[in-house]
Amino acid sequence: MEIANRTLTVHVIAALTYWPGILWGGQKNPPDPVDLTVLPPFFNEVLQELPWWNRDWQVSHVEPGLPLEIDSDHHGYPSTFTEVSVPGTVGSGGGESLPFVAKVGFSGDRLIRFQAKIGDVVLGPAVAPAGRLEPHPFARVLTGLMDLRGIPVRAMAMETGRSAPTIQMLRIGRHNPEPLLTQEIAKVLGMSEADVRVIAGLDDGSTQ
């Protein structure tokens, strides 16, 4: 799903930034009402770009959103975009309905990321090309931690007793961080095994 550089209308931006339950600097309290009915067509347009999306399902209702991040330079820590969570409902022509939550990130009038949760299923743009397995989320974190510490792939391989291709596969998300490997990596990174297990998504007591 291609979402980058999509231009948002002023009405969609107004609806996305209508937060009557939130107090923050620069916003009138209570804010002037806005038209939220512009959001269902916007969400439906984005969802229908998914080639497998069932057109019988439509976002039928939304509520005011909650800001997750606000574009500002407050306290000297600038944020260059706004991200908001918008709850609502999707329904089918057969009368079925499911809870819906959209997470929308935008900078100015440009949409930069979009994720939808329908029922208990999360939908979002893929990282890998079509037909390719999505990378394990541990890959990006491991790559960042190794790079920050100046640990090359070969050194990590030697210290963990693994092959360089195995470490490289971890870094690109094509190998899962099983518990024993996580323990070995933690030692090389100088971190606790418990912390690395949490980062790797193994904090549920699993052994797989």
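Strand β1 (residues 6-7) and strand β6 (residues 110-118) run antiparallel and are joined by two bridges. This is a predicted model, in which local features need pLDDT of at least 70 and side-chain atom pairs count only at pLDDT 80 or more, while totals for chains, interfaces and linings use all residues. Residues are numbered from 1 along each chain as its sequence is written, and side-chain values use heavy atoms, with hydrogens and water left out.

Strands (E, at least two residues) and helices (H or I, at least four residues) are DSSP runs numbered from the N terminus. Two strands pair if DSSP finds at least two bridges between them.

**Strands around β6**

| Strand paired with β6 | Sense | Bridges |
|---|---|---|
| β1 (residues 6-7) | antiparallel | two |
| β5 (residues 97-107) | antiparallel | eight |
| β7 (residues 121-123) | antiparallel | three |

**Aromatic cluster**

Rings of Phe, Tyr and Trp (for Trp, its six-membered ring) pair if their centres lie within 6.5 Å; planes under 30 degrees apart count as stacked, over 60 as edge-to-face and the rest as tilted. The structure holds three aromatic pairs. In one of them, F43 and F100 are tilted, at 5.5 Å centre to centre and 55° between the planes. This pair links distant parts of the chain, since F43 lies in helix α2 (residues 39-47) and F100 in strand β5, 57 residues apart.

Buried means under 20% relative accessible area and exposed over 50%, with partly exposed in between (1.4 Å probe, protein chains only). F43 is buried, with a relative accessible area of 0%. F100 has 1% relative accessibility and so counts as buried. The rings of F43 and F114 have centres 6.0 Å apart and planes at 35°, so this pair is tilted. It again links distant parts of the chain: F43 in helix α2 and F114 in strand β6 are 71 residues apart. F114 is buried, as is F43. Ring pairs link F42, F43, F100 and F114 into a cluster.

**T82 in strand β4**

T82 is found in strand β4 (residues 82-92). Its relative accessibility is 7%, so T82 counts as buried. Contact means heavy atoms within 4.5 Å. With neighbours within four places in sequence left aside, T82 is in contact with W19, E69, I70, D71, V104, G105 and F106.

**Largest pocket**

On a 1 Å grid over the protein atoms alone, a pocket is an open set of points where a 1.4 Å probe fits, with protein on both sides within 12 Å along at least five of seven lines; lining residues have an atom within 4 Å of a point. Volume is the space filled by probe spheres set on the points, which are joined across faces, edges and corners.

The largest pocket holds about 430 Å³ of space. Its lining consists of R113, P125, A126, V127, E134, P135, H136, P137, A139, R140 and V141. Helix α3 (residues 138-149) gives the most to this lining, with three residues. Seven of the lining residues are nonpolar, one is polar and three are charged. Here Ala, Val, Leu, Ile, Met, Phe, Trp, Tyr, Cys and Pro count as nonpolar, Asp, Glu, Lys and Arg as charged, and the others, Gly among them, as polar.
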